[in-house]
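Subject: Structure for you to look at

Hello,

Here is the structure I promised to pass on. Could you open it and keep it beside you while you read the rest of this email?

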Amino acid sequence: MRERAGQGQAVRAEFDLEAFLPYELSVVSNRVSRTFARRYADAFGLSIPEWRVMAMVGRYAPLSSNQICERTAMDKAKVSRAVSRLIAAGHLSRGTHPADQRLIQLDFTAAGRRVYDSIVPLAQEIEAELMAAFEPGEREVLRRLLHKLDSRVSSLGTPPDAAGED
């Protein structure tokens with residue numbers, strides 16, 4: 001590692017932030033999320049966290065806010081705010097678990113289902129636009145590498161308070 005002198009003291013070689021994997025992943029993730037958000041915020045009035053909650057409910061309903069947090073690695077406060085806004089907008093309903101009345105489960109209202117059904121084709125279209133940058137073999141490699149990286153991160157253990165920061 002190269003060192004350089006700076007004002008009378010040794011300074012370690014500069015940290016190359018742009019080549020630092022967590023930074024690169026964060027920047028790309030934020031740009032991808034904003035690309036999606038621009039398109040569905042205008043048409044449907046949803047924020048990124050709200051869309052993520054809608055996507056989880058669309059795939060796994062009924063489920064709880066805690067289950068959404070676990071599946072998305074989103075912060076509990078973000079999920080809670082998104083759920084509250086979606087309920088207030090008439091997109092989600094809150095019910096109780098049939099076996100345990102203490103557990104709250106989220107599901108779509110009829111209006112929420114219509115919004116979700118309208119957004120999914122748009123999301124798939126945007127994904128196809130992004131994936132067009134890759135050859136078919138590269139797409140599979142990308143997915144495999146992302147899964148591999150996610151497994152590695154999981155094995156290292158992420159502190160609960162740090163999970164899901166956008």
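This is a predicted model: local features need pLDDT of at least 70, side-chain atom pairs count only at pLDDT 80 or more; totals for chains, interfaces and linings use all residues.

The protein has six helices and four strands, and along the sequence they come in the order β-β-α-α-α-α-β-β-α-α. There are 166 residues, of which 23% count as buried. If you take the contacts between residues at least 6 apart in sequence, 49% of them join residues at least 24 apart.

Let me start with helix α1, which covers residues 21–44. With 24 residues at 1.5 Å each, α1 should span 34 Å, and its end C-alpha atoms are 33 Å apart, so the two values agree. There is a bend in α1 of about 25° at A37. A37 is also one of the buried residues of this helix, together with S33, F36 and Y40. What do the buried residues of α1 pack against? Their partners are α2 and α5, the latter being residues 110–131. Just after α1 comes G45, with a positive phi of about 70°.

A similar check works for helix α6, residues 136–156. Its 21 residues should span 30 Å at 1.5 Å a residue, and the end C-alpha atoms are 31 Å apart, which agrees. After α6 comes G157, and its phi is positive, near 80°.

Now to helix α2 and its packing. In general, two packed helices are described by the angle between their axes and the distance between the axes.

Take α2 (residues 48–60) with α4 (residues 76–88): they pack at an angle of about 80°, and their axes are 9 Å apart. Angles of 65 to 115 degrees count as roughly perpendicular, and α2 and α4 are therefore roughly perpendicular to each other. On the α2 side the contact is made by P49, E50, V53 and M54, and on the α4 side by K78, V79, A82, V83, R85 and L86. Sorted by class, this contact of α2 with α4 has seven nonpolar and three charged residues, and no polar ones.

The other pair is α2 with helix α3 (residues 65–72), whose axes come within 10 Å and cross at roughly 105°. Here too the helices are therefore roughly perpendicular to each other. V53, M56, V57 and Y60 of α2 meet I68, R71 and T72 of α3. By class, the contact of α2 with α3 has five nonpolar residues, one polar and one charged. You will notice that V53 is listed in the contacts with both α4 and α3.

Setting aside neighbours within four places in sequence, P49 is in contact with M74, K78 and A82. P49 and V79 are 30 residues apart in sequence, yet their C-alpha atoms are 6.7 Å apart in space.

The other is S84, which lies in helix α4. S84 has a relative accessible area of 38%, so this residue is partly exposed. From S84 to R94 it is ten residues in sequence and 9.9 Å in space, C-alpha to C-alpha.

Note on methods:
Residues are numbered from 1 along each chain as its sequence is written. Side-chain values use heavy atoms; hydrogens and water are left out. Axes are lines fitted to C-alpha atoms, for helices over the stretch in contact, and angles run from 0 to 180 degrees between N-to-C directions. Helices (H or I, at least four residues) and strands (E, at least two) are DSSP runs, numbered from the N terminus. Angles under 35 degrees count as roughly parallel, over 145 as roughly antiparallel, 65 to 115 as roughly perpendicular and the rest as oblique. Contact means heavy atoms within 4.5 Å. Ala, Val, Leu, Ile, Met, Phe, Trp, Tyr, Cys and Pro count as nonpolar, Asp, Glu, Lys and Arg as charged, and the others, Gly among them, as polar. The expected span of a helix is 1.5 Å times one less than its number of residues. The bend at a residue is the angle between axes fitted to the seven residues ending there and the seven starting there. Buried means under 20% relative accessible area, exposed over 50%, partly exposed in between (1.4 Å probe, protein chains only).
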